[in-house]
Amino acid sequence: MLNVLCSPIFLVAGKRDLEQEAEAQHWIESVTGEKFPAGVSYEDALHDGILLCKLMNKLQPGIISKINTSGGDYKMMDNLSQFQKACVKYGVPDVDLFQTTDLWDYKNISLVTTTIFAIGRTAYKHTEWRGPWLGPRLSEEHKRDWTEEQLRAGECVIGLQAGSNRGATQAGQNFGASRKIIFGK
C-alpha cells in the first residue's frame with residue numbers, strides 16, 4: 001500500500017491549482033496539436049519532456065534539434081534539460097524555470113505549471129507567433145520624461161498614503177526576545 005504522507009507528489013498538492021493545470025494542458029494541446037494521453041495525469045504526460053520539447057519547437061521551429069523519444073531515464077531527463085535551455089533562448093526569465101527534479105521526481109508540479117505560463121507570457125513578445133495565447137500579456141515600459149519643475153514639486157510633498165504621520169514613534173515596539181548577557185560563565 002502506498003504511504004500517501006511520504007509521497008512527494010502529495011507534499012505539494014496544496015500548492016497545485018488544478019484549473020491552471022487544465023488551462024496549461026489545453027494550451028499545450030492547442031499549440032502542439034496533440035492531445036495528452038487518455039487516462040494519464042498531467043505530470044505523467046509531461047514527465048519525459050517530449051511534449052514540452054514539441055511545444056518549444058512549435059513556438060520557435062528548430063529551437064530543439066533532437067527530441068529523445070526512446071531510451072532510458074537519462075535520455076528523458078536530457079529532454080527536460082534541452083527544454084529549459086530552449087526556454088532561456090526563447091526569452092523566458094530563468095527565475096520562472098523549474099528545476100529538472102521538480103518534474104522528474106514530482107517535487108513541485110506547481111512550478112512546472114508556472115514555467116508553462118511564463119512561456120505563454122513570453123510568446124506575446126514574439127511577433128512571429130500568432131497564438132493561441134496563455135495568460136496575460138506582460139506590461140511594457142512606459143517611460144516618462146519629467147521636467148525639472150515637476151521633479152522639484154514632488155520633493156515638497158509628504159506622502160500619507162497609509163494615513164497620518166502624527167504621533168508616529170517606535171515606542172512600544174518589541175521585535176523578538178531581548179538580548180541577555182550572562183557574565184562569569
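**View 1. Asp105 sits in the loop between helix 6 (100-104) and helix 7.** Helices here are DSSP runs of H or I with at least four residues, strands are runs of E with at least two, and both are numbered from the N terminus. This is a predicted model, in which local features need pLDDT of at least 70 and side-chain atom pairs count only at pLDDT 80 or more, while totals for chains, interfaces and linings use all residues. Residues are numbered from 1 along each chain as its sequence is written, and side-chain values use heavy atoms, leaving out hydrogens and water. With a relative accessibility of 31%, Asp105 counts as partly exposed (buried is under 20% relative accessible area, exposed is over 50%, and partly exposed falls in between, using a 1.4 Å probe and protein chains only).

View 2. Read from the N terminus on, the elements go α-α-α-α-α-α-α-α. Of its 185 residues, 34% count as buried. Take the contacts (heavy atoms within 4.5 Å) between residues at least 6 apart in sequence: 53% of them join residues at least 24 apart.

**View 3. Helix 4 (residues 50-59) is largely enclosed by the rest of the structure, because eight of its 10 residues are buried.** The buried ones are Ile50, Leu51, Leu52, Cys53, Leu55, Met56, Asn57 and Leu59.

**View 4. Helix 2 crosses helix 4 at roughly 55°, with the axes coming within 9 Å.** Axes are lines fitted to C-alpha atoms, for helices over the stretch in contact, and angles run from 0 to 180 degrees between N-to-C directions. Helix 2 and helix 4 are therefore oblique to each other (under 35 degrees is roughly parallel, over 145 roughly antiparallel, 65 to 115 roughly perpendicular, and the rest oblique). The crossing of the two is left-handed, meaning that the near helix is turned anticlockwise from the far one by less than a right angle; clockwise would be right-handed. On the helix 2 side you can pick out Trp27, Ile28, Val31 and Thr32, which meet Leu51, Lys54, Leu55, Lys58 and Leu59 of helix 4. That contact of helix 2 with helix 4 splits into six nonpolar, one polar and two charged residues (Ala, Val, Leu, Ile, Met, Phe, Trp, Tyr, Cys and Pro count as nonpolar, Asp, Glu, Lys and Arg as charged, and the others, Gly among them, as polar). Spacing along a helix is worth a thought here: an α-helix has 3.6 residues a turn, so residues three or four places apart point the same way.

**View 5. Helix 2 (residues 18-32) also packs on helix 7 (residues 109-123), at about 50° and with the axes 10 Å apart.** That angle makes helix 2 oblique to helix 7. Their crossing is left-handed. Helix 2 brings Gln20, Glu21, Glu23, Ala24, Trp27 and Ile28 to the contact, and helix 7 brings Ile109, Thr113, Ile116, Phe117, Ile119 and Gly120. By type, the contact of helix 2 with helix 7 comes to seven nonpolar, three polar and two charged residues.

**View 6. Helix 5 and helix 7 pack with their axes 10 Å apart, at an angle of about 30°.** The pair are therefore roughly parallel to each other. Helix 5 passes helix 7 in a left-handed crossing. Phe83, Cys87 and Tyr90 of helix 5 make the contact with Thr115, Ile119, Thr122 and Ala123 of helix 7. Here the contact of helix 5 with helix 7 has five nonpolar residues, two polar and no charged.

**View 7. Gln60 lies in the loop between helix 4 and helix 5.** Its relative accessible area is 28%, so Gln60 is partly exposed. Setting aside neighbours within four places in sequence, Gln60 is in contact with Tyr90 and His126. Glu128 is 68 residues away from Gln60 in sequence but 8.8 Å away in space, C-alpha to C-alpha.

**View 8. A search of the whole structure turns up three aromatic pairs.** One of them is Phe36 with Tyr42, a stacked pair at 6.4 Å centre to centre with 10° between the planes (rings of Phe, Tyr and Trp, the last by its six-membered ring, pair if their centres lie within 6.5 Å; planes under 30 degrees apart are stacked, over 60 edge-to-face, and the rest tilted). Phe36 and Tyr42 are both buried. Tyr124 and Trp133 also form a stacked pair, at 4.6 Å centre to centre and 10° between the planes. Tyr124 is buried, with a relative accessible area of 17%, whereas Trp133 is partly exposed at 35%.
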